Amino acid sequence: MVDQSKWDWETREKEVPFDPWKENFNWVEEPYASPDGEQVAAVVNIDEGEFNVCVNGETWESPFEKIWYLRYAPDGRLTALVSDMAEWTVAVDGVPWENKFGYVWNTLFSPDGKHIAVAAQADGQYCMVLDDTPWETTFQNMTYFAMSPDGSKTAAVVQVTDFGEGEVHKFQEGCFTAALDGNAWDTKFVNVWNMAVSPDGTKLAAEVRLNLYEYSIAVNGQVWDKSFPCVWEPVIHPIDGSVVAPVRTAGKWTLAKDGEFLWDARFPQVWHQQFSADGKILAAIVSPKYGRWTVAVDGRPWGVTFGTLVSDLVVSPDGSTIAALTKEGETWKVVVNGAAWKDTFDMAWRPVISPDNRYVGAKVERQGKYTVVVNDRVWQKECDAAWDPVFSPDGEKVLLRTLENGRYLRRVLPVTEITG
Amino acid sequence: MAEPAVTQDQEKEEEQKVVDDGIDVGISRLTTDKIETVINQVLKTETGARLKTYVNTCIHCGLCSEACHYYMSHDKDPKWSPVGKVKQTIWEMIRKKGRLAPEEIRRVVEIAHTECNLCRRCLQFCPFGIDIAYLISMARRICHKLGVTPKYIQDTAHSHSVSMNQMWVKGDEWPDTLQWQEEEARGEFPTLRIPLEKEGADIMYSVIAPEPKFQAQLIYQAAAIMETAGVNWTMPADKGWDNSDMAMFTGDNEIMGRIKRSHFETAVRLRVKRIVMGECGHAFRSVYDTGNRWLGWSHPPIPIVHAIDFYYELLKENRIPIKEKFKEPVTLHDPCNVIRGGGLMEKSRYVAHALCDTVVEMHPNREYNYCCCAGGGVINCGPPYKLKRVKSNKVKAEQLMEARTRGAKVIISPCHNCHSGLKDIKNYYDLHMDIKFFGDIIYQIMEKPE
Amino acid sequence: MHDVYQFVSGPLAWVAFLLFIGGSLYRIIAMLAEVKEKEPFIFTYMSLKYSLRSILHWITPFATYNWRRNPVLTVVTFVFHICLFACPIFLLAHVTLWDEAWDIRWWTLPDAVADVMTVIVIACCLFFLIRRVTQREVKFVTYPSDYVILGIVAAPFLTGFLAYHQWFTYPVFMILHVLAGEVMLAAIPFTRLSHMLFSPFTRAYMGSEFGVIRKSKDY
């Protein structure tokens, strides 16, 4: 993880004028704030077919013909997908990678921000590129992508057998597999979808479809003993490396571990399962009854259910705090450990849990104005844009990044200023 | 109406010659025992009181017959009537306790996939409200489980399974196409953007894969409309951008669920308030009514707004300045999935009248309109069935012809499948009418930068 | 003859009513239980307002598109069903039986009217029979059971009519009439005559789907 203790947690307020940028460029696209809040950046148009990235009012050294997917890596490096002379690559802080491709997309970051990967296509062949190093092997198609937790490995679902248009039976024999760092499994499948890589990078698990009707999970190319009428994305236990995935059985869903049922309960839906960092707690978004949604922890659903949607499940490293977003009709709420907050919003973002578990915060929006909510207390500031709150390592302070009246603001407040 | 160009003998021959790998190979692998097992497994574990009650309640009155364009177009031959088709499929399976011969399954596939559009008009005709489309869908589900599905639509379902889109559009081709269209459109609208992956936009705009594949101008037009109306919108750069769903029509519910999940979760990820979709009917059915249910969402978790509804909203709020109304008289086709299935009949008329000088109504219209005979996956079964498809909609040709005699020159069809199906019909029956989407007309008549 | 009559109008009547009421309850409860177990999503969409909208349209002559498209059939269907129910329920002779057995009575039809209604039911059955034989779309989906069902419905009226007018051996036709009525009652839950039980549910569900989700008419 990024060492946030080195960030400036003292200065109460810093400001970067933002609106004046609009006078210098034809247009300014949506801004992005750096994780530490020190920078704000946006793609800007300089001239017809000429774009640049403006960071705190300064543009990168050289412009590009096209720029998209401007995103900060967790360590604060600013990346974008850029194109010149019909070639695409990744630019990091304005410096393009040496390797150029026909196209690049789907930027991935390791949690510590040290590694950056993209999917790339060159001359109709596909591969992953990790830190400017493309896989040695390329494939004729590549559909799903993943990165190991430490960022040292990349994986993708790849097509290894050719089939023509309408060759349905050849397709059904299996033309796809998964590849880790370019090394494809020997086993082929009808379909391969979401993958997970184990923390040590030795295990690649993926959802696979064995024929039109049987689904399972394959780990390093080896399929579980059991197959199911459907499965969803696997996750890997952070400590013991076991693989857990939602599986369908007799028209309902539950979780299975290494091919055996893990939970006794059966639900109309189970997905987005997530372990705590110590692997002791396993939570998932479930539908306990058709049209109702909640979170189940170790197979036991919360008492409270919601009608429209539950999303953005977040589990604290020790598993003691579990938060999610819920939606009833058009309104969003934050729910923590089975208790829904009273305030409702037009939109909410993934909850953030403070390192000491004392606080849960989230970026929220009401009638086009953005703010932050912490422990069910709404910060009384209406902003034109806001980013996720970041709690200081000691949990005392919160970093707030906002755009107000044409100014970008970086504030550090004691959390109690919001929670009272 | 002019006589069709091909002779009847040629047509007969062509009709009999249908070769379809998806069916032929599938049938060759079947045995009566396997068929029996699969049918009974599906009927026992995947259906319940609904199917039983429908079968027990039907009093064989035949009142659904005239709802069906197939029946009406084939001189009221009862084998094409809705109940006639149920008789030849589901009733037969129940009567024989699942023991059908492989060749009998061939007939089931033909009926379920190429002789019913699941347009649900017959549901409105049945005095008991028996969901005949559901019964035919179950026949398709059984065919899927037997591995016998027409090749072209099966291939499309495979495309969905691999790429989460209908047309094998690869991961790079999608954003590349959007950027290409954005660049093209900037020739006309210098500051136009197709904002990719813009979290927190009001609207996610989703399309069906034929748009980037063959009809990129539709994306251009949509972007032009969004730009002109000042909409805060975005499009996803990764999977989930395609709202279409042929797996729903092949009975592959598991893939249907997977692609709908991808679509909705993409909208959730982008933090949009609503999903606006292009002028497509079957996709609306899938995201609005069918796919979400398989996943356990009783209603779409992010509201779905069909293009008709969206244009209605923009026009009502005067957000699209119109230079001059469309001059040529138009007639308005009511696509089953958004009208009978979504209640957009009056909004569709509001949009038509706001855009066009003269709107000539077809009869019957609104939720009673005749189907295009392309939807429900039928056109997606491909060329082998094209002739049957156009011949099975003589009644639509007559309906269009009648509107033409009252002056209509252009058919507005706010649905992709209807669009393609009506085009085949107008060509076959020599109707000399033009077909447009609402988007075509809006783009044509709206004010653009000098 | 008297003993036979006693038997059919006594124990057999009990059996028939038990089968009818018990069978009907069983069928409906079993159906609902199965929905709850296998397709509980159906309950999510049920709406009283749209259920009634659908049912009321369909039980009103010419209130639906398809009823309007088939005026003759619509008239026959409605007249048939009205007479089918009203005639046996409000027949003086039937009410007298209830009165004698249970001391309950209600309004009755004049015999002449009931007589005409009986003829109407028989005529309607004949109409349905002819329709079944001559209309291609009906004939195609007709099974022998459809004739049996039609016979089951026509029989009590035909025998009742003959018994009432005493054109043939009255006691025989009286016994046949009672028997036919009992067969029909008992058959309702266990044949497609069960549309009498299920149609309010199927209509309500379709009405709800069309009203709540599809926002259009199912009539």
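**Contacts, domains, helices and strands**

Author: The contact between chain B and chain C takes 39 residues from chain B and 38 residues from chain C; two residues are in contact if their C-beta atoms, placed from the backbone, lie within 7 Å. This is a predicted model, in which local features need pLDDT of at least 70 and side-chain atom pairs count only at pLDDT 80 or more, while totals for chains, interfaces and linings use all residues. Residues are numbered from 1 along each chain as its sequence is written, and chains are lettered from A and ligands numbered from 1 in the order in which they are written.

Reader: Which element gives the most to the side of chain B that touches chain C?
Author: H4(B) gives the most, with 6 residues. Helices (H or I, at least four residues) and strands (E, at least two) are DSSP runs, numbered from the N terminus.

Reader: And how many residues of that side are nonpolar, polar and charged?
Author: That side of chain B has 14 nonpolar, 15 polar and 10 charged residues. Ala, Val, Leu, Ile, Met, Phe, Trp, Tyr, Cys and Pro count as nonpolar, Asp, Glu, Lys and Arg as charged, and the others, Gly among them, as polar.

Reader: Changing topic, what domains does chain B have?
Author: The assignment, which is automatic or from a database, gives domain 1 (20–148), domain 2 (154–314) and domain 3 (323–445).

Reader: How many residues do domain 1 and domain 3 of chain B give to their contact?
Author: Domain 1 of chain B gives 15 residues and domain 3 of chain B gives 21. On the side of domain 1 of chain B, H5(B) contributes the most, with 4 residues.

Reader: Now chain C: at what angle do the axes of H4 and H12 cross?
Author: The axes of H4(C) (residues 48–58) and H12(C) (residues 195–213) cross at roughly 120° and come within 7 Å. Axes are lines fitted to C-alpha atoms, for helices over the stretch in contact, and angles run from 0 to 180 degrees between N-to-C directions. H4(C) is therefore oblique to H12(C), as angles under 35 degrees count as roughly parallel, over 145 as roughly antiparallel, 65 to 115 as roughly perpendicular and the rest as oblique.

Reader: Finally, in what order do the strands of the open sheet in chain A lie?
Author: The 4 strands follow the order E15-E16-E17-E18, with antiparallel pairing; two strands pair if DSSP finds at least two bridges between them. E15(A) (142–147) and E18(A) (183–184) stand at the edges with a single partner strand each, so one side of each has no neighbour in the sheet.
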